[in-house]
Structure formats: structure tokens, C-alpha cells
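Dear colleague,

Please find below the structure for your review. My findings are set out after it.

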Amino acid sequence: MCTTVQHFQVLKLFCVIECRKYVLGILLIFSIFFWLQFYRNGFGFSGTINVCNWHPLLMTITFTYLFANSILHFRNFRNIKKKKLKKQHLIIHSCIIFFGLIGVWTGLNSNVIAKPPIPKFYSFHSWLGIVTVIMFLSQFASGFVTFFYPKVAVQYKKAIMPYHIFIGTLTFILSIVTSVLGISEKIMFALNQQDNYMPTEGLYLNFVAFLLIFYGVMVVYILIKPEYKRPPKPKDVVTHIANI
């Protein structure tokens, strides 16, 4: 009885934290959208600023919000069959790759059409962004082969799973750090342009950066708490075991 009550309390606390995380994630996206629309002349498909503005918005939606929900997907929907959760996890990651690469392209393309052109890959933000994207794509490819290819033995899947989780968590942390560096880079660009909005914009972006860090901390906290892990279900057992 005591164990059941404790489990209920843990689950209740998890739901409270998770709901706050969802609200914070939506607030973060709208904060980025408001900044780009109000301070940075909005969005478009022509003009350096308008094209470049898609980059922070798409990267926030994909490599921050969707990424966080994808790696927590098994904890959030613990009563759904694991096989179905794996497919949903794959679909979310596929969406991250598709829209995330569009976000990367808008960032690179805006550098090309700028007058004069802006050098590519000169900042630590861009370097770390490349590392994060490569790690994500590698994680996606290795995870797809390991957990969807039927001839991979269960023993191998169990052995690889801790590394899969660790690298996924590390990639998410790097995406948060990259985003914070990107915001700092935007502030420095605005300072160089001597924008009239800069004093207010700088304070606003500092607030957004704190929001981003706090969101990342919440996600990692949920990930590392063993009490919040999805309990194994009888139907989760993989029946196919390939020869080692």
C-alpha cells in the first residue's frame, strides 16, 4: 500500500513538472517569435534579415522543443505500447531533421545573400551547431539500425541502449548551449548595428536565454530521475532474438 501511494505521488509530481515544461516550451517558442517579429523585421523569403529570422525560430522548434519532447516521449506516454512509441519517436526525429535542416539552410543562405556576404562557420556558435547536427544525424542513423533492424540481437540492443540515451542527452545539452551562443551572437550583431531598440532588445534576449537554460535543465532533470522512467511492460519484451 505504501509503495502504491509513493508511486502515485512520484507520478503526480512528474505530471506537474512535465506540464510546466510544456508551458515553458511553448512560451519559449512564442518569445523567439515575438523577438524576431517585433525587433528583427519579421519573416520572409527575400532579404537577408527576413530569411535569417527563420533560422532561430526553426531551430528552437526542432532542436529544442521537439527534441525535448521526443527524448521524453517514452516517459510521457508510459501506458502506450513500446513498439508504437518507438515509431512515434522515429517520426518526431524525422520531423526534426527535415525542418531543422531547413533552419540550417536559412542561416547559411542569409550569409550568402548578405551585402557584403558574411563569412560562414567563423563563430563558435556555428562550429558547435555543426557538431550538434552531426551528432543528431549519427544518433538517428545508429538508432534506426539498432532498434528497427529485426536481425539485431536483443543483447546488442540492451547493451547499446545506455549509450543511446547518454549521447541523446548530450546532444540535447549541446543544442541548448548552441542556442544560447546564437542569442549572444545576435546581441553582438545588434550592438554593432547600433540599433535604437538594442537596450530593450538586449534585456529581452537575456531573459530568453535564461528561459532557454531553465527549459534545458528541466528536461535533463526529468531524464536523469530514475523514478520518472517508464516502467517495463510485459508486452515490451522483444520476442525476436537473432543469433549472436
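Predicted model: local features only at pLDDT ≥ 70, side-chain atom pairs only at ≥ 80, totals over all residues.

Residues are numbered from 1 along each chain as its sequence is written, and side-chain values use heavy atoms, with hydrogens and water left out.

The axes of helix H3 (residues 54-71) and helix H6 (residues 124-148) come within 14 Å and cross at roughly 45 degrees. Helices here are DSSP runs of H or I with at least four residues, numbered from the N terminus; axes are lines fitted to C-alpha atoms over the stretch in contact, and angles run from 0 to 180 degrees between N-to-C directions. H3 is therefore oblique to H6 (angles under 35 degrees count as roughly parallel, over 145 as roughly antiparallel, 65 to 115 as roughly perpendicular and the rest as oblique). His55, Phe63 and Phe67 of H3 meet His125, Thr132, Val133 and Phe136 of H6, contact meaning heavy atoms within 4.5 Å.

Phenylalanine 74 is found in helix H4 (residues 73-76). Leaving aside residues up to four places away in sequence, phenylalanine 74 touches Lys82, Leu85, Lys86, His89 and Arg230. Phenylalanine 74 and lysine 229 are 155 residues apart in sequence and 8.0 Å apart in space, C-alpha to C-alpha.

An unreviewed UniProt entry lists several spans as "transmembrane region", including residues 128-149 and 203-224. In the model, residues 128-149 are 95% helix and residues 203-224 are 100% helix.

Yours sincerely

Notes:
Helix = DSSP H or I, 4+ residues; strand = E, 2+ residues; numbered from the N terminus. UniProt positions renumbered as here; feature names shortened; annotations may be inferred.
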